[in-house]
Amino acid sequence: MTDTSVLVDGDGAVRVTPDGDWETTTRVVGFRCTSGDWVEAAWTGVDLAAALDAAGVPAETTHLVVESDDEYRVCLPVADCLDALVAFDGETEPASDRPTADEGTFPRVVAPGIDGPHTPKNAARIEPVALDAGEDRADRETLP
């Protein structure tokens with residue numbers, strides 16, 4: 001069975017899980033997948049800002065590197081993650097009109113304004129980083 005927790009690094013790393021002590025919320029977020037399909041779902045998960053706060057992410061953090069269990073890595077500006085969820089479930093409505101979020105998709109970091117290729121499936125770790133001015137975030141990514 002795949003581990004469905006996400007390690008959030010910081011001064012005191014925490015593990016975000018779909019069950020346990022984390023409060024969950026549901027938000028509707030849509031994005032275009034790499035396949036070209038539009039996926040809009042009511043995603044349920046843990047507020048990423050709460051997880052970052054609990055982990056003690058350093059104040060100088062400018063980006064978050066999200067790595068999946070297969071080492072797919074994306075680098076997201078913190079500003080794009082203000083309304084993000086570490087999602088453990090997603091339900092599309094109406095299901096007949098859009099692709100559904102299938103098994104093997106979770107956990108996943110989703111937020112308005114983050115495109116599909118930057119929402120890796122099976123997220124395993126979130127690492128705070130401070131990029132220097134002019135440093136290209138793509139240098140920290142491994143996209144398909």
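Which side chains meet in a salt bridge at 3.8 Å, N to O? They are those of Arg-125 and Glu-127. By salt bridge I mean a side-chain nitrogen of Lys or Arg within 4 Å of a carboxyl oxygen of Asp or Glu.

Before going on, the background. This is a predicted model, in which local features need pLDDT of at least 70 and side-chain atom pairs count only at pLDDT 80 or more, while totals for chains, interfaces and linings use all residues. Residues are numbered from 1 along each chain as its sequence is written, and side-chain values use heavy atoms, with hydrogens and water left out.

Back to that pair. Arg-125 is partly exposed at 30% relative accessibility, and Glu-127 is partly exposed at 22%. Here buried means under 20% relative accessible area, exposed means over 50%, and partly exposed is in between, with a 1.4 Å probe and protein chains only. Through shared partners, salt bridges join Asp-9, Arg-125 and Glu-127 into one network.

Searching the whole structure gives five salt bridges. One of them is between Asp-47 and Arg-27, with the closest N and O atoms 2.8 Å apart. Asp-47 is in strand E4 (residues 38-47) and Arg-27 is in strand E3 (residues 24-32), so this pair ties together parts that are 20 residues apart in sequence. Helices (H or I, at least four residues) and strands (E, at least two) are DSSP runs, numbered from the N terminus. Glu-67 forms another salt bridge, with Arg-73, at 3.1 Å between the closest N and O atoms. Glu-67 counts as buried, at 18% relative accessibility.

Now the sheet. Five strands form an open sheet with mixed pairing, in the order E2-E1-E9-E5-E6. Two strands pair if DSSP finds at least two bridges between them. Why is one side of E2 and of E6 left without a neighbour in the sheet? Because E2 and E6 stand at the edges, each with a single partner strand. E1 and E9 pair in the parallel sense, over two bridges. Val-8 stands opposite Ile-126 in E9.

Helix H1 lies across E1, E2, E5 and E9, and runs at about 160° to E2. Axes are lines fitted to C-alpha atoms, for helices over the stretch in contact, and angles run from 0 to 180 degrees between N-to-C directions. Contact means heavy atoms within 4.5 Å.

Next, the core. A nonpolar core is a set of buried Ala, Val, Leu, Ile, Met, Phe, Trp, Tyr and Cys residues joined through side-chain atoms within 4.5 Å. The largest one has 23 residues, and Val-8, Leu-48, Val-86, Val-109 and Ile-126 have the most contacts inside it. Elements giving it two or more residues include strand E1 (6-8), helix H1 (48-55) and strand E9 (123-129). H1 supplies the largest share, four residues. A second, separate core has nine residues, among them Val-29 and Phe-106.

Last, the cysteines. How many disulfides are there? The count is zero, where a disulfide is a pair of cysteine sulfur atoms within 2.5 Å. For Cys-75, the nearest cysteine sulfur is that of Cys-81, 9.4 Å away. Cys-75 is buried at 0% relative accessibility, and Cys-81 is buried at 3%.
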